[in-house]
Amino acid sequence: MKNSKLFWLLGLVLVLSIFLAACGGGEETDGGTETPDSSETDTSNTDDGGDDAASTEGGEPDAEQVLNLVEGAEIPSMDSAIAEDSVAFNILNNVNEGLFRLNEENVAEPALAEGEPEVSEDGLTYTFKLRDANWSDGTPITAQDFEFAWKRALDPEVGSPYGPYMMAGTIKGATEVSEGGDPSELGVVAEDEKTLVVTLERPTPYFMSLMAFGTFYPQNEAFVTDKGDDYASNSDNLLYNGPFMLTNWDGTGLTWTMEKNPEYWDAETVQLETINVDVVKETSTALNLYQSGEKDRAGLSGEFAMQYADDPEVVKELEPTLFYLKFNQERNGEETPLANVNIRKAISMAFNKQDLVDVVLANGSLPANYLVPTEFTFSEDGEDFREINGDLTGFDAAQAQEFWATGLEEIGETEVTLELLGGDSELAGKMDAYLKEQLETNLEGLTVNLKAVPFNVRLELDEAQDYDIQNAGWGPDYQDPMTFVDLFVTGASHNLMSYSNEEFDSLVEQAKGELAQDPAARWEAMAEAERILIEEDAAIAPIYQRATMALQKPYVQNIISHPFGGDYSYKWAYISGKE
Amino acid sequence: MTQNYDKLPQGSFDRIERDTQQAERISKPSVSFWQDAWRRLKKNKGAIFSLILFGLIVFMALLGPVISPYSPNSQTITHANLPPKIPVIENLGIFDGVGTLGGKEVDLYEMKNVEQNYWFGTDGLGRDMFSRVWKGTQVSLFIAFAAAAIDMLIGVIYGGISGYFGGRVDDIMQRIVEILTGIPNLVVVILFIMIMDPGILAIIIALTITGWTGMSRVVRGQVLKYKTQEFVLAARTLGATDGRIIWKHLMPNVLGVIIINTMFTIPGAIFFEAFLSFIGLGLQAPDASLGTLINDGYKLIQYQPHILAIPAFVLSLIMIAFNLIGDGLRDALDPKMKD
Amino acid sequence: MARYIGKRIIYMVITLALIATFTFFLMKILPGSPIASADKLSPEQRAVVEARYGLNDPLPVQYFNYMFGLVQGDLGVSINQFKGANVTDVILSRMGPSAQIGFQGMVLGTVLGILLGMIAALRQNSWVDYSSTVVAIIGISIPSFVFASMLQYFLGLKLGWFPVALWKDGFMSSVLPSIALAMFPLATAARFIRTEMIEVLGSDYITLAKAKGASGSEIAFKHAFRNALIPLITVLGPMAVGILTGSLVVEQIFAIPGIGEQFVKSIMVNDFSIIMGTTIFFSVFLILVILIVDIMYGIIDPRIRLSGGKS
């Protein structure tokens, strides 16, 4: 029986090790910090919207210029025509470049374009001069590269989602080309190697900021054609023209590297030599990697935001992303109770947004009583669009109950059951549970049933208008209030809740058309449209404007976050003070 | 040895007649198989303790949400994230409402001016964990029992028939099982939950749709093993019907494995539900199960340990109880362990 | 035997075809669309994008196209997870790490579980028995995501014995994930072996062996162990599948580029070709495991005749 003694020992060690782990768990957990049930209003973080990281000036770059980052998901595609997700757009923003680029102040400034373009009187023709710059393989970047890339993004054979979305209605002929029309009709012509002429469908005041968006980046025709199906399938089958080059990406993996691009025209500005990126989907894992020093930055989502709220290494960023309740007025061909404006007003006033952002989100998000986010768009005098309208609604249980009583009477019901469609993330679940409780407590006779589904299922239900209330969010595609206001025009592809108001429609139409050359009047029109949408019609109920929180090592300097397009720029980032 | 019958006191013994009629009579009271098993189970202290423990958990699961002054889903947002506090026990230094705040230990109840006592604390939305834990236990047990019962029913019948009759029947039945087990159950479960409206029913159906194949394989394996043994052959020779052979001769032998398998199906089901919460396909908010509670809690382990610890503790108790009951039943039901 | 295996392989192919069919149609009733930016497109533009992936064809046409491709070994291209990437390449690139941690976890768990179960059975009702029960119960009463994150936190971050996460340090990176995966097979094996060993140890031939003077270890290994293994083999197959479920969680927590980790996401985002390809890949693996189990069953327990053999 000698063997069995060994087994005893083995078994004992195993048991002990597990108990030790379990006991350790108990001790360690007491060491965590707890934040107060904070009710302080986060006015302090409204001013770190765009320049959060920039504000932490920390001396000269000294240590090894290597940045280690995590990303939340794989790269679905690095083909700028195919890209449609934040990961790809973020990398594209750092390894490639368009005519314009968002600078450290989040203003679109000429990048591959040499200075501002020539704009015709009617605001329809833009003539860009290109600077002398090369692809990472040394070939010069030409105007033809832009023409090719844009036409490719519209080619039905390529099947780009963002190409038609960004270009149709803006660039002349884009709608037709995207539906199989003759590409030579497209209003994009390379006059010579360094001159690109773009003709628009209608004057577009925010056209420069579009030029910083990934879909409008150039592609080298010879290279793309040569690679064929393999184009963009891994980091070797791509060309770069931005501050960095993508390397070590096998097309499906969880890891990649960005290295400084020596061919970049502004290479002397770029300080970082290498950026190592790993995909880490679990927030807790990312935090452990951050704490072990392997990573320099980790996002804090959901539950984790609260735990680290007081950590000195926390950086908060207010995003121009708005979350709101969409009220569907017609479901399966029948009017819902939400077709009644008083019911809608009652619901939109019946939940406490301040508590929601303080306790449930606890990440610096702002309660929203508006459609167009704050700290997003500014007039030429630097005035925030938000200052025109201010708050358009707000939590007011007493008033909500009045509207509710009136509404119920008008529709002749005493009890209403509504479905609240939301996302399947943990945070979404928690938030929807909170909303359900608030609405049911504050509005007598209301029952809210929650339905949590994955994102693309929600899209499908949205499209079929098969929901009552939906917790939806929207981030901008370009820097103009129009990217939000335009969503709710009658028949718009994002409306999908049978909201229709002629006055609203005509205001938006004016802002797009006749007022396009008169910025002040245009803003007034969009502000009035916003007021009608929220104050008068309560077509949607804004909930909050999102902020994100992350831990960032103090030696990381100058990562710039952007409100749209790619989330971050590392062009100006550097490492300073790392041992 | 001499036998002095004469010295025996008179009347101490009666002389009895030898009665051939009575020779076959069973003198002990007739004990059925199940009575016998119960008698043996009662001797197993661990099993009885677990039975009582499990009974207590079921009792609390039913009563807990009722006796708590707070309903599982009502939120008092100003009372969010309170540690547990129980009136009498607090004097012992545990469950005293003290939590750490900025590195210092403070009575959070005092700080937040909370008069009430939350026995198991509150979660991030200020919901009472006591009623949530017990409500969650109720839901988890229901899912597990429903799934295990369905698995067992289908699995035993299917596996029994397939194993016993063998031949062509077995061949066809096994091909069907092979297809079902050939599809990873992960795929089927996720697909089914995505297709049906998420909820308890969807989870149960998704769990059982392929879950029973495991049971059927085990039962078939056992039936195959026993049906060729001598006692079955003997029974058959004596003219026992198929039903009698399956029920009286094979079942008691297979039962141990069925029970152990079920003892793994139940925790398996509770676990799978927790796993579904992890990938975001669990119960719909605001409903709670042990799985969703643990999933909410494990992220807060450094910060709000009670949110993980209490449901995890209840879950472990259930597991321990199941295992010990299972062991006890196995020993009790094993016909070879007569005493 | 050869004839039996040949027959089983023919069944396998049929089984696979049926599984592919079943999954294909089940998948097509999934809610949601694989076009991620559907809300940004007009119906015409959307139709154009869908046509590119053949999603507009009538269902039977899609089905036959898929099956035709499958026969030729073509699993199609990913629609949105890795746009345009060949599904075979995706699976091949993700298979390695999953196989490694799955295999290590399975071996570690089974071996330790068998040892634990044997000790427990040989020392029935002693404290060793009880502790092994406790280990087994811990193994099945802590959800893998809790256990994996505890391993990561204590052994990875606090003690620094192993990498916290990521797949960069070869074998060392695989240690914690393998331990996390081993818990379930460990617990299962320990329970099964204990039960069976106790039963076998009580049987007549063990008494006979004892009477003949066989040593304790001889009885344990030569007689009891072999018989106790049989039911374990029946559960090994399903257990290998359980590893798949576990590996998904473990891969996600340890940020390992495995196959399970991206599979759930493919269902969530309706990437049909990835769902199909991965399902078929898992199925082939599973069916092979089952076949091997059945053959082993016959080898280990001579009382069981393989049904295809001459009887």
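Residues 175-193 of chain C are 100% helix and 0% strand. The end C-alpha atoms of this span are 25 Å apart. The model is predicted.

The span is one of those that UniProt, in an unreviewed entry, lists as "transmembrane region" in chain C. The entry also lists residues 9-30, 101-122, 134-155, 229-254 and 274-300. Residues 9-30 of chain C are 91% helix and 0% strand. Their end C-alpha atoms lie 31 Å apart.

## Two domains in chain A

Chain A is assigned a domain 1 (73-272) and a domain 2 (318-548). The C-alpha centres of these two domains of chain A lie 33 Å apart. Nine residues from domain 1 of chain A and nine residues from domain 2 of chain A make the contact. On the domain 1 side, six are nonpolar, two polar and one charged.

## Helix H14 of chain A

Helix H14 of chain A covers residues 397-411, which is 15 residues. From first C-alpha to last, H14(A) reaches 21 Å, close to the 21 Å expected at 1.5 Å a residue. Just after H14(A) comes A:Gly412, with a positive phi of about 70 degrees.

Which residues of H14(A) are buried? They are A:Ala400, A:Phe403, A:Trp404, A:Gly407 and A:Leu408. Seen down the axis of H14(A), the buried residues fall within an arc of 135 degrees, so they line one face of the helix. An α-helix has 3.6 residues a turn, so residues three or four places apart point the same way.

The buried residues of H14(A) pack against helix H11 (341-349) and helix H15 (426-442) of chain A. The face turned away from the buried side of H14(A) carries the exposed residues A:Ala398 and A:Glu409.

Terms used. Residues are numbered from 1 along each chain as its sequence is written. Chains are lettered from A and ligands numbered from 1 in the order in which they are written. This is a predicted model: local features need pLDDT of at least 70, side-chain atom pairs count only at pLDDT 80 or more; totals for chains, interfaces and linings use all residues. UniProt positions are given in the numbering used here, feature names are shortened, and annotations may be inferred rather than shown by experiment. Helices (H or I, at least four residues) and strands (E, at least two) are DSSP runs, numbered from the N terminus. Domain bounds come from an automatic or database domain assignment. Two residues are in contact if their C-beta atoms, placed from the backbone, lie within 7 Å. Ala, Val, Leu, Ile, Met, Phe, Trp, Tyr, Cys and Pro count as nonpolar, Asp, Glu, Lys and Arg as charged, and the others, Gly among them, as polar. The expected span of a helix is 1.5 Å times one less than its number of residues. A residue is buried if 20 or more other C-beta atoms lie within 10 Å of its own, exposed if 12 or fewer, and partly exposed in between; C-beta atoms are placed from the backbone. The arc is that of the directions from the helix axis to the C-beta atoms.
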